[in-house]
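User: Hi! Could you walk me through a few local features of this one?
Analyst: Happy to, let's have a look together.

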Amino acid sequence: MSNRKGYKGDFNPDIQSYIPATKAYKRYTDYRGKDFWTTIDRKGNVYFVSDEANGEYNLYTFDKGAKKPLTKFTTSIKRPSVAANGGKVVFEKDYQVYVYDVASGQSAKVPLKMTRNFTLSKQQVFDVNGKVAAFDVSPDGKKLAFISRGELFVSDIEGKFIQQLPKTTERAGEVFWLKDNRTLLFSQTLNGYMNWYTISADGKSKAKQLTTDKKNNRALSFNKDRSQAVYLSGRDEVRLMDTKTFESKNIVTDEIWALYSNTPRFSPDDKYISFNAIRNFESDIMLYNIATKEVTNLTKTGVTESDPFWSPDGKYIYFSSDRTRPDYPTGAQNPRIYRLALDKFDDPYRIDKFDELFKKEEEKKEEKKDEKKKDDKKEEKKEEKKDDKKVVVTINTKDIMQRVERVGPNGWQANPYVIQKDNKTTILYISNHEGKHQVYKTVLEPFEQPKTEKVSNLEGFIDNIVAADGKYFTIYNGTIYKFNGELKGADKIDLNKSFYRNMEGEFNQMYYETWANLEENFYDKDFHGKNWAALRDQYAKYLPYVNTRNDLRVLLNDLLGELNSSHMGFSSNGPEERIAQSYTTMETGIMFENGNPYKVKYIVNNSNADKKGIDIHAGDVLTKVNGEEVDTKMARDIYFTRPAMERELVLTFNRGGKAFDVKLHPQSTSDLSSQLYNEWIDFNQSYVDKKTNNKVAYTYMKNMGTDELEKFLTDLVGELQDKDALIFDLRYNTGGNVHDAVLNFLSQRPYLQWQYRDGKRSPQPGFAPAGKPIVLLINEQSLSDAEMTSAGFKALKLGTIIGTETYRWIIFTTGRGLVDGSFYRLPSWGCYTLDGKDLEKEGVAPDIYVKTTFADKLENKDPQLDRAIEEIMKQMKK
């Protein structure tokens, strides 16, 4: 919350106090922004941080009950701490220690001098084994080029002789061989953006920069003779490069989304380029005619067709699609492999194959005649023969989608790659039809049934497939594999090469790459009113002082926090931070009294202590844990904290002067938290039942995930059937991505009835929640997809919304990995109401505003639920 600067809303932190002994509660501030990070001296003077004055965190106190600013910094302070005597307040500002003198009202930087072991500039050793990120094979099939941790390497095809090529600490992304088998074309970051470079594969010259774009260039592929390359650039460009002059030009401007890298590809005759473009948030297959410069949308279906791949004979485009369901927003749920016939091709005829059996012998000898002709004539003959087999692509767009046919089995499939030899077509792809995702192949031959089988040694996702000199290669789990001749399996190419890398340079590169990808993909082009370039420079000046991975985490998250955006963050972990020893606290499901922490208060429902044969009562006193007597002056958790979760516990209790043992299985803290959460839900359910005389159904969703969706549906098909109304509770919901399914279910209305003779009439559909009164409960911690659901509920006029304004935490997000495995989130898709309001900035306001205060919670009151019951009962009477 502290990293999201500028947030204003109902979930803002305020200064409050509560004294358990006297149960005295007081609220000091009600500012819509942030008042937080309190610190109190021994006299009771309160100091805290607020952004009320200028949007930056400054130091405040109270003067006669009113907020009083003590500093007016233009950059924010962090985590103040007051001395016990109240004379000085120390805090962090600009990653330095400052002190505020209370008497003089002046702040000053503390002139600290310390020795630091600055290690980031020192070289560290890494190895390429199992860490290959991208690769290519030379056209002659003799050499490999690959990338590991952003470094560029070249080796023989068997990986025996590996050399690292010279480059800067920038990150290399993709690598390709040019047709001379001696030069590499590769991408590398420049100010955070991927640009194109060339370098001699023997490492005897420096890299030459080809582009200087402030956008990411990616997903390159070549035409047949590698004289041209096509690639994606930024959010909206498909570009064509001449690999002789290395000049590139934009050939298509369209919505391609910079965070996607669906490779554009040349047709087998090099006349067309296929690529994916976005229409209504779904991917269509587009064709660009190189000669006429015309673009044709081949599919135009309203659902996604992705991964287009030309068949080598030019007759088909293979692709993956879930043909009856859009990918957005849940992603492809059940895609299959299809092929699209580009013209009305007929199947081969059996009679032709029969006639081939009786060809005249002299026809077979034609190929051997004229053996004594000159060599140049022979070569000319060969060229003529090649020309006879030249592929010509014809595209008949009339009724083209009627020529789609499915290839392969049931299940989830993606990433087709097509190989043809003679009359045999082999399609390689990822599938899970046998339970888990792995590589399969389907073989198509005339007059034969399709055959599908698993490709051995590739039991998981592969990245891409590379063809060279009639052989095929891929990456699986960071290792390069070579397919065997029959494509029934793949063999690992062992690569072992240690190399050095500078962490200071790597961290700097990661900083700029993170910034650049946010610049390219952040959903709001105005960056929430911030100057994103200026912020980059403001925080970059601290890069020379970054000394640990945590320093980088703090710096980047502070930078990202300036955007006042949800679904944002940078995470990073390295081996240097691994904790040698850790501990876990075992929970039991036994709740103890606060005043007497060894005396049982109650047993949590459905916990591991709530099992048949376990007899623990309120009032029982814990005396031993696994035979060890407890010291009631010690914290109880020390007896349940171990290096690892134990399988069983033996607890000894005293009840009325008699000791007895109980055996139980410990459980995790997260399991206990979930069970306590469920207790609250169960209480609400019984409370609604009691207050409405079982006339109103109550259902609650913790999040918008698939498990909670199933529970929601199960609850309603069971409970709503015999109830007259519904209270739907989304308070504290942490989001997910099932809003569409929830709203579709709630939107069902009865439209007719049916009846068996003398039977009772039943409505159609069987579940029609919208035919009954519905109240939706939301609060300031309803966030993300809960806000989408709430906005949809309001737009569809499904009922009344009660509570407080939602969090304003709703941007659909993805993320990217960095060179060392670090990760940052990319909030790339804004969510807007039908009248154009940005939910990230507006949230969802209730129809009836009711706030639950801290005092309400202390007194176990729920005014929001009470108002929901009151309102639903009114509606039921109408």
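**Surface charge, a sheet and some backbone details**

Analyst: K421, K424, K451 and K488 gather in a patch of positive charge on the surface. Patches are made of residues with over 30% relative accessible area and no salt bridge, with like charges joined within 9 Å. A salt bridge here is a side-chain nitrogen of Lys or Arg within 4 Å of a carboxyl oxygen of Asp or Glu. Lys and Arg count as positive, and the place of a charge is NZ for Lys and CZ for Arg. Accessible areas come from the Shrake-Rupley method with a 1.4 Å probe, and only the protein chains shown count as cover.

User: Before we go on, what should I know about the model?
Analyst: It is a predicted model, where local features need pLDDT of at least 70 and side-chain atom pairs count only at pLDDT 80 or more, while totals for chains, interfaces and linings use all residues. Residues are numbered from 1 along each chain as its sequence is written, and side-chain values use heavy atoms, leaving out hydrogens and water.

User: Where is K488 placed?
Analyst: K488 is in the loop between strand 38 (479-483) and strand 39 (490-492). Strands (E, at least two residues) and helices (H or I, at least four) are DSSP runs numbered from the N terminus.

User: How many bridges link strands 17 and 18?
Analyst: Eight, between strand 17 (residues 183-190) and strand 18 (residues 193-200). F186 stands opposite Y197 of strand 18.

User: Nice. Where are the cis peptide bonds?
Analyst: One joins Y328 and P329, with omega about 10°; P329 is in the loop between strand 29 (316-321) and strand 30 (336-341). Another joins Q764 and P765, with omega about 0°.

User: What is phi at N860?
Analyst: Near 55°, a positive value in a residue other than glycine. N860 sits in the loop between helix 12 (854-858) and helix 13 (863-877), and N860 counts as exposed because its relative accessibility is 72%.

Key: Patch = residues over 30% accessible without salt bridge, like charges linked within 9 Å, V, L, I, M, F, W, Y side chains within 5 Å. Pairing = 2+ DSSP bridges. Buried < 20%, exposed > 50% of the residue type's maximum accessible area, 1.4 Å probe, protein only.
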